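Work through the exercises below with the structure open beside you. Try each task before you read its solution.

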Amino acid sequence: MTIRFRKTKNQRVSESANQRISEPQSRQIAESLHRRIAESLNRRIADSLNRRIFLWLPASLFLGFLFFYPLARILGLSLNVESFTEGNIRIAFSTLRFTFYQAFLSTLLTLLLGLPAAYLFARFEFRGKSLLRTLTAIPFMLPTVVVAAGFNALLGPRGWLNLALMRWFRLEDPPLLLVGTLGAILMAHVFYNTTIVIRLVGNAQTHLDPRLEQAARCLGASPRRVFWNVTLPLVRPSILAAALLVFLFDFTSFGVILLLGGSQFTTLEVEIYIQALHLLNLPLAALLSLIQLLCTLAFSIIYSRVVVRNVVSAAPRPAQVNLRRAKKFPERIFKAGMTVLLVTFFVFPLIAIPMRSVSRLEAARAERGEVQSGLTAAYYQELFINRQGSIFYIPPIRAVVNSLAYAGLTVVLSLALAFPVAMALKRPGSLERFLDPFLMLPLGASAVTLGLGFIISFGRMLTSPLMVPLAHTLIALPFVIRTLQPALASIPDRLRQAATVLGASPLRAWFAVDWPIVARATLSGAVFAFTVSLGEFGATMLVSRPEFPTIPMAIYRFLSQPGGLNYGQAMAMATILMFLTILSILLIERLRLPGTGEF
Amino acid sequence: MLEVENIHKSYEGAPLLQGISFTIHPGETICLLGASGSGKSTLLRIIAGLEEPEMGEIRWKGENLVGTPAHQRNFGLMFQDYALFPHLSVAANVAFGLKMQSIPGSEIRHRVAESLDQVNLSSLSGRRVTDLSGGEQQRVALARTLAPRPRLLMFDEPLGALDRTLREQLMAELRLILHDSGVPAIYVTHDQEEAFALADKILLIHDGKITQQGTPAEVTGHPASAWAARFLGLGNVLDGIVRPDGRVETAAGVLDPACGHGHAAGQSVSLLIRPGSARLGEGQDCLVSRVKDVVFQKEYYRVTLENGVYIHLPMEVTVGQDVRVSFAEVECLPEDK
Amino acid sequence: MKHFSAFVFCLSLGLAACAPQGPETLTIMTHDSFAISEGVIASFEQANDVDIIFLRGGDAGEMLNKAILSRDAPLADILYGVDNTFLSRALEASIFEPYQSPLLANIPGEFQLDPAYRLLPVDYGDVCINYDKAWFAAHSLPVPASLEDLLEPAYNGLLVVENPSTSSPGLAFLLATIAHFGDPGYLDYWQALRTNGLVVVDGWETAYYTNFSASSGQGSQPMVVSYGSSPAAEVIYAEQPLSEAPTASIIGPDTCFRQIEFAGILAGTSNRSLAEKFIDFILDVQFQEDMPLQMFVYPVNPNAGLPAEFVQFAQIPAQAATVSPDEITANREKWIQAWIDVVVK
């Protein structure tokens with residue numbers, strides 16, 4: 001007798017409710033799978049190591065070739081007995097002390113602003129949220145000269161704030177002297193880096209399983225205790241990751257110190273710049289670079305020990321589940337207060353730039369103490385004219401296209417290299433624990449030193465335009481890895497195993513299960529890589545080809561000569577850059593990648 | 001003790017709960033039985049205080065709970081996915097509710113040990129919850145819910161993820177725990193076996209309302225609607241039209257139900273034919289059909305006929321055989337409201 | 001995925017290695033301030049059937065450093081933009097091939113600082129203190145006429161200078177004070193300047209566009225260390241036509257420092273004859289006449305005419321301060337470090 005099981009109408013009806021494979025069922029299947037896997041574990045360990053080496057290969061080759069090799073060569077060339085004189089060591093350590101100090105303070109302040117902001121964006125839905133969050137990301141990609149101009153417009157001796165105070169209190173001299181002080185450096189750092197905290201911590205918070213907090217509430221935890229005992233510990237790894245990244249950026253800060261701090265402030269990177277390129281004292285520059293590298297490595301190792309150990313893989317939830325409109329009164333106050341704070345801190349300095357690009361600036365020079373009046377489009381028009389017939393005239397459209405092209409290439413390259421590494425980091429073995437700290441080094445190495453290393457390692461190859469996205473990728477890679485890593489780590493294997501058992505090939509299973517969860521992190525990483533490239537971090541590394549101009553190049557060019565037209569055009573280009581970035585980020589974030597659904 | 005009155009709630013614009021009302025008495029375990037997506041979990045969350053109903057009240061011993069936030073209600077809720085805190089060990093998870101009650105440390109340790117013992121997990125107290133198997137996690141979740149001695153227990157499909165043996169074993173343990181503690185409990189599931197095993201009273205949810213309440217025997221013996229009969233898998237539910245002579249014409253044949261409902265001719269009606277009431281051979285209500293499928297079920301054979309009806313027979317029949325089946329009773333179901 | 005990065009690597013290698021077919025190329029490495037008319041370069045390219053490729057290597061110091069580091073495999077054929085403060089250093093590094101251009105006969109001897117013709121002078125300019133005319137008029141203050149005048153209390157807090165360790169005009173001004181007051185006399189001067197409210201910043205952009213009151217940045221200081229040609233630039237780059245320059249330079253004794261720029265053929269070039277032609281070209285009138293309006297420098301070739309704006313608005317000091325390149329190379333670090341100790345610390 002053959003036993004065939006075919007559904008009757010009744011059975012069909014009662015099974016319709018269970019048609020989709022529910023999580024409980026998949027877990028069931030996966031558990032038996034787990035048992036079988038456990039039996040052959042030993043055999044598999046060898047296979048998994050090979051697989052992990054394969055995953056690390058692309059990024060390792062990239063970093064090895066583009067980072068470690070030139071760095072080793074320049075340090076090998078410059079480091080010698082001369083480096084380690086007493087005088088040098090004294091300079092090194094006093095510089096190190098200040099570098100540490102300002103980086104530490106800056107990071108603290110950035111967290112102070114960034115954490116509540118991350119909470120705001122992760123939990124609440126309100127009008128203008130997307131735009132506000134994008135605005136906090138703009139400073140990250142602005143060249144420092146532009147940020148300096150914006151800050152000055154707001155906080156300078158004749159900036160809006162001082163002018164307003166002078167008028168209200170009838171003062172002769174500007175009361176707030178912030179430019180050139182440590183305060184200016186700290187503020188600029190916060191301005192630049194808050195977006196890192198918002199993105200990394202915000203991402204983690206958005207994907208927290210809300211049932212954990214609900215369970216806590218049912219167990220008697222008041223909202224405050226829920227936060228302390230459940231939310232915070234689960235979000236802590238992302239806070240640490242963000243803090244480390246911010247610290248590294250502040251530690252290696254260059255443009256901000258040079259342009260906004262007074263001459264009494266030097267960090268390691270600035271000192272390297274002075275010693276290597278102005279005093280032509282390579283041995284000391286090499287010593288300082290080495291110290292900077294070692295410090296970065298130390299922080300990186302601390303990070304891997306502390307954070308990686310604490311990463312908890314909780315199944316992520318769709319973002320929408322966690323978002324709500326602010327209803328209760330304290331929530332409304334928080335939301336309003338944070339929004340005002342963010343708008344003041346980010347919008348005002350940024351607004352100054354477009355405003356300056358359309359204001360008639362020179363007329364005011366004859367009239368002291370008057371606010372400029374008169375709008376003009378002359379600066380934008382001038383952008384398209386090559387008045388002097390200069391061979392280095394940068395047509396704005398070409399600069400925009402080039403900047404975007406470089407940025408696009410950087411995004412593709414960084415994602416391609418970062419994905420395998422983030423996958424390998426899902427279940428860190430001994431290989432991962434060893435290699436992980438080295439990932440952060442490109443952020444902490446001196447761009448000046450690396451640039452010199454490029455010169456002696458690559459020679460004429462350096463002048464190829466493809467070096468630009470490669471160099472940008474070098475900086476963007478750590479970001480993108482750090483953004484992808486928590487998302488990939490949080491995908492429960494059982495879901496994918498369930499899909500596999502149902503007949504999906506590994507690729508389809510990956511697309512069905514991993515991709516939606518990872519897509520959001522990918523977008524975040526893409527945005528990072530994009531803004532790093534647009535802002536041309538570490539541009540000093542490279543020898544630039546005027547035939548491939550970029551927007552920051554144009555801005556620097558205008559600001560290197562006197563004249564109202566030059567200043568105005570610089571502001572106009574900066575405004576174009578700002579709007580370009582806002583648009584691109586908004587577009588990337590709105591992109592509904594196929595299959596992401598609620599994510 | 002717990003009165004739920006006229007709860008309304010929509011989900012994404014569509015009405016979900018449309019007037020849920022019931023009462024739970026001390027020591028009673030009730031079971032909310034309904035299809036997936038019928039709003040059972042939402043109802044639990046409303047009772048727990050995690051969500052607000054759009055209309056209706058929840059009262060505990062007469063006191064309205066509307067203003068009380070979730071963390072002050074002392075209602076235990078065990079989630080479908082366990083929702084164990086991944087950053088805490090097993091013991092810390094179980095201790096969580098006790099910590100929130102500001103119980104001194106030594107007593108916490110004592111109570112945690114007691115709870116873990118109750119669920120047979122004492123050996124795992126130091127482990128990370130992410131290292132545990134599904135069954136172990138479920139027990140930790142149970143211990144965690146019980147430890148703070150809540151005054152009401154709620155379970156949201158807690159056994160769904162386990163395999164059959166484990167599920168039966170845990171069901172038995174749960175039964176004991178519930179009866180020993182005497183705490184009123186609401187158990188939500190879509191699986192009738194669990195419902196019948198654990199509940200004193202079963203509440204069927206359909207279309208946002210409680211369509212039937214009663215003991216397991218009452219509900220299965222007298223299903224209140226065609227939907228209930230289908231959902232509980234009580235047997236074959238056939239739709240038919242009433243003939244002038246009082247008999248009902250269905251797709252499977254003409255049957256004479258024992259019906260006191262006085263239907264008019266031409267009206268449509270639903271009939272329930274329980275598979276166990278079938279006999280081979282002539283009888284009052286008789287269907288003739290060919291055997292389509294036969295499956296051995298330990299105590300009987302489940303026979304599916306070509307006309308769609310399935311019956312239980314004590315002996316084997318061959319596929320393709322023509323049989324004449326009669327039924328001891330054909331029930332008539334009240335209309336689905 | 002590992003194939004991808006290998007592919008990119010090969011692609012960049014290929015692109016760099018692929019020489020464009022057709023006309024030869026001549027590569028010129030310059031600093032970021034270099035500029036010249038398209039037409040002028042085009043005429044050279046057409047006359048010699050060559051493509052000129054420019055590489056920009058940062059500011060003068062950066063550029064020189066990169067050239068020295070890549071000495072074994074030079075990035076370019078010609079280096080343009082070594083100034084007199086780096087001259088000895090550049091020559092010590094032996095990265096140039098000597099070339100005695102016939103056009104050197106036209107160039108005044110004061111500019112020909114390398115007797116071995118490895119580095120040839122191409123342009124010069126002065127680093128001077130610019131002042132805001134309108135500001136001084138509004139405050140009825142006389143403009144300081146000498147370095148000593150700057151120490152007067154009336155000018156407290158009115159001058160912004162750049163840090164010589166990070167800025168080339170900053171270094172130039174420091175050298176001017178050394179030329180005037182001698183070593184170590186200059187340190188007393190700077191101490192006095194500091195007491196008189198001196199403002200120090202790291203870069204020219206900051207000083208000019210943030211601190212200087214007469215620029216679009218509208219800062220607080222009406223005096224800034226900039227270039228003698230800056231007033232002319234203000235007129236040329238004004239949005240609305242100006243009849244008078246809003247700024248001018250202080251051209252008292254030694255208040256300005258003479259900067260001379262040089263160019264040289266990099267050793268190891270494979271385009272020697274083209275390089276020689278280019279050197280001749282940049283010493284010749286067409287290129288020399290184009291420089292002022294592009295780079296705001298003066299031509300070394302006396303036969304080159306000056307544009308009207310230069311004649312009208314830029315000023316040449318009667319006595320520009322100079323310090324010998326050898327002295328500069330020998331004492332640069334010491335002077336800068338001493339300056340930092342006195343002024344910044």
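## Exercise 1: Chain A against chain C

Task: Describe the interface of chain A and chain C, starting with salt bridges.

Solution. Step 1: Between chain A and chain C, the rule finds 0 salt bridges. A salt bridge is a side-chain nitrogen of Lys or Arg within 4 Å of a carboxyl oxygen of Asp or Glu.

A word on the source: this is a predicted model, where local features need pLDDT of at least 70, side-chain atom pairs count only at pLDDT 80 or more, and totals for chains, interfaces and linings use all residues. Residues are numbered from 1 along each chain as its sequence is written, chains are lettered from A and ligands numbered from 1 in the order in which they are written, and side-chain values use heavy atoms, with hydrogens and water left out.

Step 1: Turn to polar contacts. The interface of chain A and chain C has 11 residue pairs in polar contact, both residues at pLDDT 80 or more. A polar contact is a pair of N or O atoms within 3.5 Å; within protein, one must be able to donate a hydrogen and the other to accept it, and residues adjacent in sequence count only if both atoms are side-chain atoms.

Step 2: Find the main contributor. On the side of chain A that touches chain C, helix α3 (residues 41-78) of chain A gives the most, with 6 residues. Helices (H or I, at least four residues) and strands (E, at least two) are DSSP runs, numbered from the N terminus.

Step 3: Sort by class. This side of chain A has 43 nonpolar, 21 polar and 10 charged residues. Ala, Val, Leu, Ile, Met, Phe, Trp, Tyr, Cys and Pro count as nonpolar, Asp, Glu, Lys and Arg as charged, and the others, Gly among them, as polar.

Step 4: In contact are 74 residues of chain A and 78 residues of chain C. Contact means heavy atoms within 4.5 Å. Together the two chains bury about 6900 Å², 61% of it on carbon and sulfur atoms. Buried area is the accessible area (1.4 Å probe) that two parts lose on being put together, summed over both.

## Exercise 2: Two domains of chain C

Task: How far apart do the C-alpha centres of domain 1 and domain 2 of chain C lie, and what joins the domains?

Solution. Domain 1 of chain C covers 17-123 + 259-306, and domain 2 covers 125-257 + 315-344. Such bounds come from an automatic or database domain assignment.

Step 1: The C-alpha centres of these domains lie 28 Å apart. Between them, 13 residues of domain 1 of chain C touch 20 residues of domain 2 of chain C.

Step 2: The two domains bury about 1500 Å² between them, 56% of it on carbon and sulfur atoms. Gln259(C), Phe296(C) and Tyr298(C) supply 50% of the area that domain 1 buries against domain 2, more than any other three residues.

## Exercise 3: A helix in chain B

Task: Is helix α1 (residues 40-48) of chain B mostly covered or mostly exposed?

Solution. Step 1: Use the cut-offs: buried means under 20% relative accessible area, exposed over 50%, partly exposed in between (1.4 Å probe, protein chains only).

Step 1: Helix α1 of chain B is mostly covered, with 7 of its 9 residues buried. Among them are Leu43(B), Leu44(B), Ile46(B) and Ile47(B).

Step 2: Look just past the helix. Gly49(B) takes a positive phi of about 95 degrees.

## Exercise 4: Salt bridges in chain B

Task: Which residue forms a salt bridge with Arg45(B)?

Solution. Step 1: Recall the idea. Side chains of opposite charge can pair when their charged atoms come close.

Step 1: Glu51(B) pairs with Arg45(B), the closest N and O atoms being 2.4 Å apart. Arg45(B) is partly exposed, at 25% relative accessible area.

Step 2: Arg149(B) and Glu114(B) meet in a salt bridge at 3.3 Å, N to O. This pair links distant parts of the chain, 35 residues apart: Arg149(B) sits in the loop between α4 (134-146) and β7 (152-156), and Glu114(B) in helix α3 (residues 105-118) of chain B.

Step 3: Finish with a network. Salt bridges link Glu3(B), Glu5(B), Glu57(B) and Arg59(B).
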